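My entries follow in the order in which I checked them.

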Amino acid sequence: MMELELKKLDDTIKSIHEKMFYLREREEEMQNISRQTNSRMGWLSFLSLCICLSVAGLQQWHLKTFFERKKLL
């Protein structure tokens with residue numbers, strides 16, 4: 001009777017141990033995915049900033065040439 005209880009407890013402990021290892025692996029994978037996503041978002045933000053600054057420069061250049069042609073500057 002006691003051996004049966006010990007066997008059940010041992011199986012339960014092994015199951016919990018396996019689940020803990022599985023959860024650690026999943027957590028590590030999720031952290032890697034999170035880091036990768038953060039890195040990509042950083043590059044996307046930088047690219048967006050560059051595009052915005054380029055468009056602003058082009059608008060300034062266009063307006064300057066437009067007003068110079070109209071002899072307003």
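Entry 1, cysteines. I looked up C52 and found its sulfur 9.5 Å from the closest cysteine sulfur, in C50, which is too far for a bond. A disulfide here is a pair of cysteine sulfur atoms within 2.5 Å. My search of the whole structure for disulfides returned zero. I also noted that C50 is partly exposed, at 32% relative accessibility (buried is under 20% relative accessible area, exposed over 50%, partly exposed in between, with a 1.4 Å probe and protein chains only).

I am working with a predicted model, in which local features need pLDDT of at least 70 and side-chain atom pairs count only at pLDDT 80 or more, while totals for chains, interfaces and linings use all residues. Residues are numbered from 1 along each chain as its sequence is written, and side-chain values use heavy atoms, with hydrogens and water left out.

I traced α1 over residues 2-69, a helix of 68 residues (helices are DSSP runs of H or I, at least four residues, numbered from the N terminus). From first C-alpha to last, α1 reaches 99 Å, close to the 100 Å expected at 1.5 Å a residue; the expected span is 1.5 Å times one less than the number of residues. After α1 comes K71, with a positive phi near 60°.

In the model, residues 43-63 are 100% helix and 0% strand, and their end C-alpha atoms are 30 Å apart.

How many salt bridges does a search of the whole structure find? I got three, counting a side-chain nitrogen of Lys or Arg within 4 Å of a carboxyl oxygen of Asp or Glu.

- D11 pairs with K7, closest N and O atoms 3.7 Å apart. The two are four residues apart in α1, so about one helical turn separates them. D11 is partly exposed at 37%, and K7 likewise at 48%.
- D10 pairs with K14 at 3.5 Å, N to O. Both lie in α1, four residues apart, about one turn of the helix.
- E29 pairs with R26, closest N and O atoms 3.7 Å apart. They are three residues apart in α1, again about one helical turn. I list E29 as partly exposed at 42% and R26 as partly exposed at 33%.
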